[in-house]
Amino acid sequence: MASRAPFSQPHPGINTATIDFQCAFIFILVLIMYTNGGNPINKCSDTQNNEFMAKLDILQYPNPRLRIKASPVKEVDDSIRCLVDDMLETMIASDGIGLAASQVDVHLRVIVMDLTEDRSQPRVFINPEIEVLDESTAPYDEGCLSVPGFYETVDRPIHVMISALDRDGNAFKEEAFGLLAVCIQHEIDHLEGKLFVDYLSPLKRQMIRKKMKKQLA
């Protein structure tokens with residue numbers, strides 16, 4: 001912490017009232033820039049070089065904010081691209097393969113994903129929708145960054161069509177099989193206020209809830 005002693009003996013010609021006002025203004029500006037409900041405000045002013053990406057806090061089950069239904073993104077602008085970049089950094093830092101904006105307490109329909117081991121293929125899905133192309137299901141062991149340390153088997157369709165906007169707001173469609181199909185359904189569930197534990201038996205879900213509450217206490 002910097003000492004205020006230099007301001008107690010003003011140098012001739014220096015207006016101390018002006019200095020104190022400037023210091024107060026700078027303090028307030030820094031406070032606004034770096035706080036936003038516990039998370040840093042996205043500061044990606046340079047979205048191409050990603051020089052100001054921030055790691056976001058991930059909501060943990062059973063936080064009730066995970067149950068809020070996300071709203072559609074009205075316009076893909078720099079603030080959304082900044083959110084996307086921050087979410088990708090957060091996902092990678094947390095060793096995840098997918099992350100929904102709802103999990104970082106931003107209730108917009110945005111999903112990021114990277115299913116590669118070397119993190120070379122980041123994917124972005126804004127306002128995603130899916131159409132099930134084959135009703136056949138298969139079991140997958142699913143985990144979740146909002147329910148860390150727990151993995152349970154969930155049956156989902158493994159062949160779907162994804163419709164979404166990319167990071168630049170361009171519409172696209174992609175036919176998804178296997179892990180991609182499962183992952184996009186898992187993340188869209190988050191946007192709807194649903195978690196993979198909701199597919200489990202009440203007994204197993206209650207057990208996970210109790211363990212998570214104990215970990216968070």
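This note goes through the salt bridges, nonpolar cores and backbone geometry of the structure above.

1. **Basis.** This is a predicted model: local features need pLDDT of at least 70, side-chain atom pairs count only at pLDDT 80 or more, and totals for chains, interfaces and linings use all residues. Numbering starts from 1 along each chain as its sequence is written, and side-chain values use heavy atoms, with hydrogens and water left out.

2. **Salt bridges overall.** The structure holds 11 salt bridges. The term covers a side-chain nitrogen of Lys or Arg within 4 Å of a carboxyl oxygen of Asp or Glu.

3. **Arginine 167 and aspartate 85.** Their side chains meet in a salt bridge at 2.8 Å, N to O. The pair links distant parts of the chain, 82 residues apart. Arginine 167 sits in the loop between β6 (159-165) and β7 (171-177), and aspartate 85 in helix α2 (residues 78-93). Helices (H or I, at least four residues) and strands (E, at least two) are DSSP runs, numbered from the N terminus. Aspartate 85 is buried, with a relative accessible area of 5%. Arginine 167 is partly exposed, at 23%. The classes are buried under 20% relative accessible area, exposed over 50%, and partly exposed in between (1.4 Å probe, protein chains only).

4. **Arginine 119 and aspartate 95.** This salt bridge spans 3.7 Å, N to O. Both partners are in loops: arginine 119 between β2 (110-113) and β3 (123-132), aspartate 95 between α2 and β1 (98-100). They are 24 residues apart. Aspartate 95 is exposed, at 65% relative accessibility. Arginine 119 is partly exposed, with a relative accessible area of 22%.

5. **Glutamate 174 and arginine 123.** Here the N to O distance is 2.7 Å. Glutamate 174 is partly exposed, at 21% relative accessible area. Arginine 123 is also partly exposed, at 23%. Elsewhere, salt bridges that share partners join Lys69, Arg109 and Glu192 into one network.

6. **Aspartate 86.** This residue lies in helix α2. Its relative accessibility is 0%, so aspartate 86 counts as buried.

7. **Nonpolar cores.** A nonpolar core is a set of buried Ala, Val, Leu, Ile, Met, Phe, Trp, Tyr and Cys residues joined through side-chain atoms within 4.5 Å. The largest has 18 residues; Val84, Met87, Leu99, Val110, Val112 and Ile126 have the most contacts inside it. α2, β2 and β3 each supply at least two residues of this core. α2 gives the most, with six. Apart from it lies another core, of 15 residues, among them Ala70, Ile162, Ala181 and Cys183.

8. **Valine 84.** Leaving aside neighbours within four places in sequence, valine 84 is in contact with Val110, Val112, Val124 and Arg167. Contact means heavy atoms within 4.5 Å.

9. **Backbone points to check.** Most residues other than glycine have a negative phi, and most peptide bonds are trans. The peptide bond from tyrosine 61 to proline 62 is cis, with omega near 10°. Proline 62 lies in the loop between α1 (16-34) and α2. Aspartate 105 is not a glycine, yet has a positive phi of about 65°. Aspartate 105 belongs to the loop between β1 and β2 and is partly exposed, at 29% relative accessibility. Asparagine 127, also not a glycine, has a positive phi of about 50°. Asparagine 127 lies in strand β3.
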